[in-house]
Amino acid sequence: MTAASRWTVQALILLSLPVVAQTPPYALKLAPYVSSPFRTVDRILELAALKPGETLYDLGAGDGRIVIGAARRYGVKAVGIEIDGKLVKSANDRISKFGLEDRAKVIQGDLLQADLALADVVVIFLQTQLNEELRPRLEMYLKPGSRVLSYSFAVPGWKPVRVDRTDDHPGHVIYLYEMPPVKN
Ligand SMILES: C[S@@+](CC[C@H](N)C(=O)[O-])C[C@H]1O[C@@H](n2cnc3c(N)ncnc32)[C@H](O)[C@@H]1O
């Protein structure tokens with residue numbers, strides 16, 4: 001390698017370093033942040049029919065409004081998974097403000113990597129393609145009888161037990177799914 005080409009390689013490495021260093025730990029973001037209206041949060045939680053001792057997960061938890069609603073009004077454990085660090089912080093700040101730290105938290109992470117073994121109810125407000133990607137994970141983890149509530153976007157390949165249209169807006173649809181019993 002000539003001195004000139006060695007210099008070029010070194011310069012390229014140096015130039016690329018700040019880019020690598022600036023890459024956030026969770027660079028992947030698959031659905032934009034749009035919060036569910038509070039009226040919809042209330043309806044989702046009503047349809048979830050949470051029972052004492054159950055655990056709700058909100059995958060892509062945003063500002064934590066569903067997690068907080070479940071923990072405050074239904075007294076259940078509630079976990080949010082959220083990729084955006086600022087939203088994670090504001091959600092956990094609100095959880096502390098309401099004194100719900102014993103049963104609610106929002107964790108920074110990728111929802112496609114989430115361990116859902118403890119979930120009785122999963123709430124999603126994502127996009128159709130992401131729902132499709134998530135489906136095998138839900139099928140793998142969720143116990144029979146667990147509920148999945150998806151706001152605005154259906155889960156391709158699943159048959160909802162209920163489609164709730166509470167609003168005049170055509171997109172305001174909540175799909176309720178129930179995990180089937182295990183076949184012998
Ligand atoms: C449409 S918002 C829904 C927010 C909240 N669940 C609600 O209903 O108000 C989708 C959320 O998913 C988050 N998100 C997108 N991709 C994600 C990923 N791969 N892992 C975790 N969260 C993700 C976004 O940052 C955003 O906050």
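Predicted model: local features only at pLDDT ≥ 70, side-chain atom pairs only at ≥ 80, totals over all residues.
## The sheet

Seven strands form an open sheet with mixed pairing, in the order β3-β2-β1-β4-β5-β7-β6. Strands here are DSSP E runs of at least two residues, helices are H or I runs of at least four, and both are numbered from the N terminus; two strands pair if DSSP finds at least two bridges between them. At the edges sit β3 (104-108) and β6 (162-165), each pairing on one side only.

Residues are numbered from 1 along each chain as its sequence is written.

## A parallel pair

Let's look at one pairing. Strands β1 (residues 55-59) and β2 (residues 77-82) run in the parallel sense and share five bridges. Leucine 59 has isoleucine 81 of β2 as its bridge partner.

## Helix α2 on the sheet

Helix α2 (residues 38-48) packs on the sheet and touches β1, β4 (121-124), β5 (147-151), β6 and β7 (173-178); contact means C-beta atoms, placed from the backbone, within 7 Å. The direction of α2 makes about 160° with that of β5.

Thr40, Val41, Ile44, Leu45 and Ala48 of α2 are buried, that is, with 20 or more other C-beta atoms within 10 Å of their own. These residues lie on the same side of α2 because they cover an arc of only 135° around the axis, taken from the directions from the helix axis to the C-beta atoms. Their cover includes β1, α3 (65-74), β4, β5 and β7. Just after α2, alanine 49 takes a positive phi of about 50°.

Note on methods:
Contact = placed C-beta atoms within 7 Å. Axes fitted to C-alpha atoms, helices over the stretch in contact; angles between N-to-C directions. Buried ≥ 20, exposed ≤ 12 C-beta atoms within 10 Å, placed from the backbone.
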